[in-house]
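Subject: Structure handover and notes

Dear colleague,

I am passing the structure on to you, together with my notes on what was found in it. Please read the notes with the coordinates open beside them.

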Amino acid sequence: MPQHRPDRLSDAARELVLGSGCAGCGVPGRVLCADCEAFLPRRASLAWPSPTPRGLAPPYAAGAYDDLLKALVNQHKEHGVLALAGPLGRVLADVVHVLLADLPGGQPVVLVPVPSRGAVVRQRGHDPLLRLAREAAARLRRHGVAATVAQQLVATARVQDQSRLTALERAVNLDRTMRRRGRTPRGRVVVVDDVLTTGSTAREAQRALEAGGVQVTGIAVLAATRLRR
Ligand SMILES: [Zn+2]
């Protein structure tokens, strides 16, 4: 049976087929209305998870994983609303900008996305984080920052669904599940992800890079979950 692939549709086709509107508030029209776009964060700040995984590089986030950011990340990632890669890439670029200003050390900067799980990428037919990273790098370059994306990390093991695990269980679940590959990147390395929860994924990405001889300057994410117990 042919699979339904909404992620392959253009915005225009999506409008016709799915009758979509703003991914933030649902108003008919564009995938992101002007009001919601104006409401997207333009700043970033440190977002240490609690507890913080030992040795975690400084994590920067544009905001909490709530409301508009959560809706847009979800629509882009899970529902393949690819037109959101532009605005979300802009948010991620701003996060990297703040990180670079806070942690001086020059350019170029190399964005390394955490690896998407293969099955997820195949099933969805797209790699949402890679797309965001590329959008962010392109935007940074337009603003004079020498930025590239390097897919330095591969997932080496199956990871259980994380959603019901505690911070400690996540750390164990993720330990040694990534490996660095390819040429050593030239420049400051920033690990990028969409959402920071316990920090375990970012920490594992950092471990794999460091094990491969690559120093990690910081971590840039769109959103960080609020403290949960
Ligand atoms: Zn809206």
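Which residues does Thr217 touch, not counting residues up to four places away in sequence? With contact meaning heavy atoms within 4.5 Å, Thr217 touches Ala57, Pro58, Leu99, Leu103, Arg188 and Val189. Thr217 has its place in strand β8 and is buried, with a relative accessible area of 19%; here buried means under 20% relative accessible area, exposed over 50% and partly exposed in between, computed with a 1.4 Å probe on protein chains only.

Before the rest, two sentences on conventions. This is a predicted model, in which local features need pLDDT of at least 70 and side-chain atom pairs count only at pLDDT 80 or more, while totals for chains, interfaces and linings use all residues. Residues are numbered from 1 along each chain as its sequence is written, and side-chain values use heavy atoms, with hydrogens and water left out.

Taken as a whole, the protein has 8 helices and 8 strands, where helices (H or I, at least four residues) and strands (E, at least two) are DSSP runs numbered from the N terminus. Of its 229 residues, 47% are buried, and among the contacts with a separation of 6 or more, 74% are between residues 24 or more positions apart.

The sheet comes next. It is open and mixed in its pairing, with 6 strands in the order β1-β2-β8-β7-β3-β4; two strands count as paired if DSSP finds at least two bridges between them. At the edges, β1 (45-46) and β4 (147-149) each pair on one side only. β1 meets β2 (residues 59-64) in the antiparallel sense over 2 bridges, with Leu46 opposite Tyr60 in β2. By contrast, β7 and β8 run parallel and are joined by 7 bridges, with Val191 standing opposite Ile219 in β8. β3 and β7 also run parallel, through 5 bridges, and there Pro113 stands opposite Val192 in β7. β7 is mostly covered, since 9 of its 9 residues are buried.

Helix α4 (residues 85-102) packs on this sheet and touches β2, β3 (109-113), β7 (188-196) and β8 (216-224), its direction making about 140 degrees with that of β8. Axes are lines fitted to C-alpha atoms, for helices over the stretch in contact, and angles run from 0 to 180 degrees between N-to-C directions. α4 also packs against helix α6 (residues 128-142), at an angle of about 60 degrees and with the axes 7 Å apart. Residues in that contact include Leu88, Leu92 and Val96 of α4, and Leu132, Ala136 and Leu140 of α6.

Finally, there is a zinc ion, whose protein donors are the SG atoms of Cys22, Cys25, Cys33 and Cys36, at 2.3 to 2.4 Å; donors are N, O and S atoms within 2.8 Å of the metal (3.2 Å for Na, K and Ca), and water is not among the atoms, so sites may look incomplete. The site is tetrahedral, with angles of 105 to 114 degrees among its 4 donor atoms, the criterion for four donors being that all angles lie between 85 and 135 degrees. Along the chain the donors follow the spacing C-x2-C-x7-C-x2-C. Cys22 and Cys33 both lie in the loop between α1 (11-18) and α2 (34-39), so the pair ties together parts that are 11 residues apart in sequence. Cys22 counts as buried at 5% relative accessibility, and Cys33 does so at 13%.

With best wishes

Notes: Four donors count as tetrahedral if all angles lie between 85 and 135 degrees; four count as square planar and six as octahedral if opposite donors are over 155 degrees apart and all others between 65 and 115; anything else is irregular.
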